[in-house]
Amino acid sequence: MNIKRDIERIRRRLAVTLMLLGMIASPAGVWARIQGVTGVQGPKGPVFHLTAGSFHITTPDGHSLLMWGYGIAGSKTQYPGPTLIVNEGDQVTVTLTNQGLPMPVSILFPGQHRVVATGGSTGQITRESTGPNDTVTYTFVASHPGTYTYYSGTRPGLQVEMGLVGALIVRPKAGADHAYNDPATRFDREYLLLLTEVDQAVHTQVELGHLDQINNTLTHSTLWFINGRNGPDTLYDDNVGWMPHQPYGALVRMHPGEKVLMRVIGGGRELHPFHTHGNNFTLIARDGRELSSGPGQGIDLAVSDYTLQVQPGATYDAIFEWTGEKLGWDIYGTTAGGRPHTCVDNDGDGFDETTHEYCPDHEKPIPVILPENQQLTFGPFYSGSPFLGVLGNLPPGEGGMNLYGGMYFMWHSHSERELTNDNIYPGGMLTMLIVEHPSVPIP
Amino acid sequence: MGAVLLSLGACQAVTAADFYLCAGKTSLVMLDGSSVPMWGYALDDDNDLTNGCGNPVTVPGPELRIPPGDTVLNLHLRNDLPVPTSIVIPGLPASFTPVTFTDAKGRVRVRSFAQETAPGAIGTYTWNQLRPGTHVYHSGTHVAVQVQMGLYGPVIQDSGWQEAYPGHRYNNDMVLFYSEVDPALHKAVDSGSYGTPPGPTSTIGYQAQYFLINGRDLAVHDLPGAVAGQTSLIRMINMGLENHMPLIHDAHLRVIAEDGHPYPYPREQYSVMLAAGQTRDVEFKPTAGGNYAMFDRMLNLTNRRPIGLLAVNAAAAGLGDTQSSPGSLITLLHVDDDSDGDGVGDHRDNCTQAANPSQRDSDGDGYGNACDADLNNDGFTNGLDLPLLIQAFMRRDPAFDFNDDGYVNGIDIGYLGRLFFKSPGPSATRP
């Protein structure tokens with residue numbers, strides 16, 4: 001018992017140290033960016049040299065899938081394609097070279113107006129690249145901030161399924177910590193949630209070279225992805241070595257009181273109801289346009305919701321906040337429970353200035369009798385304590401995934417069928433939100 | 001149609017719009033060459049249904065336009081199908097009598113939302129609480145089967161002239177009508193084998209194999225009519241059993257209404273969710289001419305894969321997607337430039353470089369008056385034309401009134417001066 005108490009004491013000290021470190025490392029105004037590419041600076045604006053090629057990915061159920069994807073020239077092709085990040089007003093140039101796909105390939109930029117395609121070869125919807133020596137160039141002015149998508153305009157029914165889809169982010173003049181120029185769209189962190197699905201049969205037929213055997217009217221998805229990964233791979237960091245063509249993780253982390261911008265994209269061909277546990281989100285934009293009743297009216301038509309109907313090809317911006325407000329108990333524990341702390345609300349907003357605790361609930365005990373460990377079944381994300389930033393006692397071998405005593409909430413497709421990897425649960429279109437103690441550094 | 005003109009001519013006195021339709025059989029030849037039986041509607045050519053309709057049956061059925069202000073709609077239906085049928089319009093109130101039957105287990109079940117018209121008979125369906133909007137009419141009998149056979153069509157009423165809803169004016173409008181076909185189901189229903197094993201006994205196995213826009217599975221659907229700087233109203237309708245997602249490239253749209261109900265505020269989007277059975281009204285105001293590609297982002301862009309000989313035929317025919325299934329089902333919205341900004345697109349403007357919204361062309365030579373001072377039609381504007389203009393001076397003669405201000409005056413002499421020694425035009429309508 002003494003050893004346990006010592007460990008607990010060390011953990012508490014560590015937490016305090018981390019809190020101090022965190023306050024040093026996270027001054028106001030620092031925000032987490034989505035991983036993406038900003039291109040090389042050309043004479044007129046950013047230039048992105050993209051290739052399209054094929055590669056394999058391994059899904060958590062053990063399948064190996066042939067994918068087609070975009071990549072930055074000289075780097076790996078990937079699923080989804082690289083997230084292109086530009087600034088409002090930029091003249092953007094994107095070149096595309098087909099590196100070995102057995103048919104032409106192209107890019108469409110829905111939501112960008114007057115995209116000019118030059119070079120390459122004539123296609124049905126836009127100009128295309130037919131091979132390594134046939135480069136097509138697209139230029140447009142990113143005239144309006146927002147979240148957008150891009151995908152192939154060549155046989156899109158097949159090529160989007162194969163993975164030729166990505167995200168485009170246009171940062172507003174108001175600054176990179178704003179989604180749009182309206183002050184109400186400022187955020188502390190942002191995350192990309194690009195939703196797709198795969199019908200393995202199509203990928204098998206493409207790999208076997210049976211392109212003329214594919215029947216588009218019979219597609220039947222069996223794998224569901226966020227940012228090109230199936231759960232639980234979604235929880236891993238960006239750029240982990242064992243998923244070389246799936247660089248983008250989807251784990252969402254935040255501190256209480258922060259504004260998290262969700263940039264959600266319907267990348268596939270199906271509808272996905274994306275559900276946030278923990279709290280409602282506020283939908284502020286659709287298809288790169290603020291939800292507004294008119295110019296100068298701000299985001300007055302923003303709506304609060306907990307399930308976003310993500311439609312294929314459409315994009316959404318939503319602000320998610322979590323504070324513990326009105327839970328009715330103190331998220332940091334009580335003095336009587338051995339967790340003394342203060343709640344100081346200087347500005348009258350109801351929250352502590354540092355921990356963002358909801359002061360009206362300060363010192364209110366959690367309204368349940370916490371069961372003994374013997375009565376519990378454990379999951380890897382349980383810290384052993386219901387209180388934020390606290391690591392409680394766990395039986396040997398239990399827990400272990402929750403390093404900082406955070407609160408875990410699942411964000412997932414509410415079509416439960418999509419929480420599987422080829423019929424194996426859990427997996428598919430799911431990730432986690434971790435609300436971390438304010439002292440925990442979040443990159 | 002006669003009744004429509006009647007009510008247009010005397011809309012204060014007559015407020016009912018009457019349309020005469022026949023429900024009947026037809027067939028569609030798909031891109032892969034196969035023929036699929038369809039049921040649809042035809043518009044009568046003489047408002048006398050006793051002698052048939054005279055016009056071919058189409059899918060979707062004819063576009064019915066109720067004049068603004070009319071308060072009553074009468075649809076007269078002749079049933080040339082082998083089974084009873086009826087017509088309903090979702091969203092418009094009506095007093096209809098459902099038809100029931102008793103099934104093998106003794107249960108009373110509804111077969112039809114509205115009173116049926118028997119095969120060979122003529123029935124009338126009346127709506128007396130009309131509301132402006134983009135609506136659909138479709139069969140109200142054995143809906144799961146008859147609607148997907150093709151018994152649907154647009155019925156449209158504006159709130160005013162070129163005004164879809166109060167405050168929503170448009171310059172031109174077009175219908176984008178999505179539907180699908182499961183050929184196996186069509187064959188079973190058309191042949192009467194549906195409902196009796198081994199034929200299908202329900203639509204649970206429905207599998208759309210062809211995707212139609214405005215009733216066709218064309219590789220590219222051309223949708224002309226839009227002009228740069230003007231507002232086109234696209235009336236989107238989905239009468240398939242699946243959802244579709246029209247998505248336009250190079251532009252945003254303003255979604256103004258759903259199921260015939262205007263939104264409090266337009267929604268600016270480039271993608272439009274079109275659920276099965278739904279209508280949406282969308283404003284498209286392109287800033288520049290060109291082709292704007294729109295396609296179903298649910299990627300129902302190719303028909304079923306042709307099998308056997310059909311595959312060979314499809315490839316030989318050079319169809320858009322020869323490596324796979326025929327069809328690409330892309331809609332190209334052709335937007336005409338408007339160089340002179342008069343609201344008439346360059347490809348049909350009789351003066352492409354001179355603004356003339358009226359398009360007046362008094363001598364009928366294909367050059368509008370605004371760019372045609374060649375009054376004696378000798379090919380050039382010259383000294384011979386001036387006396388002709390002076391003869392008409394200060395008269396109200398539109399033939400010499402180049403700028404359409406009501407009088408032949410000094411301004412028109414100025415026109416003649418600017419055009420002096422030049423040929424008339426340029427014009428896009430010069431025959």
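**Salt bridges**

I began with Arg189(A), which in this predicted model forms a salt bridge with Glu258(A), the closest N and O atoms being 2.6 Å apart; the term stands for a side-chain nitrogen of Lys or Arg within 4 Å of a carboxyl oxygen of Asp or Glu. I then placed the two partners and noted that the pair links distant parts of the chain, 69 residues apart: Arg189(A) belongs to strand S11 (residues 189–198) of chain A, while Glu258(A) sits in the loop between strand S13 (252–254) and strand S14 (259–266) of chain A. Strands here are DSSP runs of E with at least two residues and helices are runs of H or I with at least four, numbered from the N terminus.

**Conventions I kept beside me**

Residues are numbered from 1 along each chain as its sequence is written, and chains are lettered from A in the order in which they are written. Local features need pLDDT of at least 70 and side-chain atom pairs count only at pLDDT 80 or more, whereas totals for chains, interfaces and linings use all residues, and side-chain values use heavy atoms, with hydrogens and water left out.

**Interface of chain A and chain B**

I looked up the contacts (heavy atoms within 4.5 Å) and noted 39 residues of chain A against 39 residues of chain B. The buried area, that is, the accessible area (1.4 Å probe) lost on putting the two parts together and summed over both, is about 3,300 Å², with 52% of it from carbon and sulfur atoms.

How many salt bridges does the rule find across the interface of chain A and chain B? It finds 1, and I located a salt bridge between the side chains of Glu268(B) and Arg289(A), at 3.4 Å from N to O. On the side of chain A that touches chain B, strand S9 (146–151) and helix H2 (156–162) each supply at least two residues, and the largest share, 3 residues, comes from H2(A).

**Aromatic pairs**

My search of the whole structure gave 19 aromatic pairs over all chains, taking rings of Phe, Tyr and Trp (its six-membered ring) with centres within 6.5 Å, where planes under 30 degrees apart count as stacked, over 60 as edge-to-face and the rest as tilted. I examined Phe96(B) and Trp127(B), which are edge-to-face at 5.3 Å centre to centre with 85° between the planes. Phe96(B) lies in the loop between strand S4 (72–79) and strand S5 (99–102) of chain B, and Trp127(B) in strand S7 (residues 122–127), 31 residues apart.
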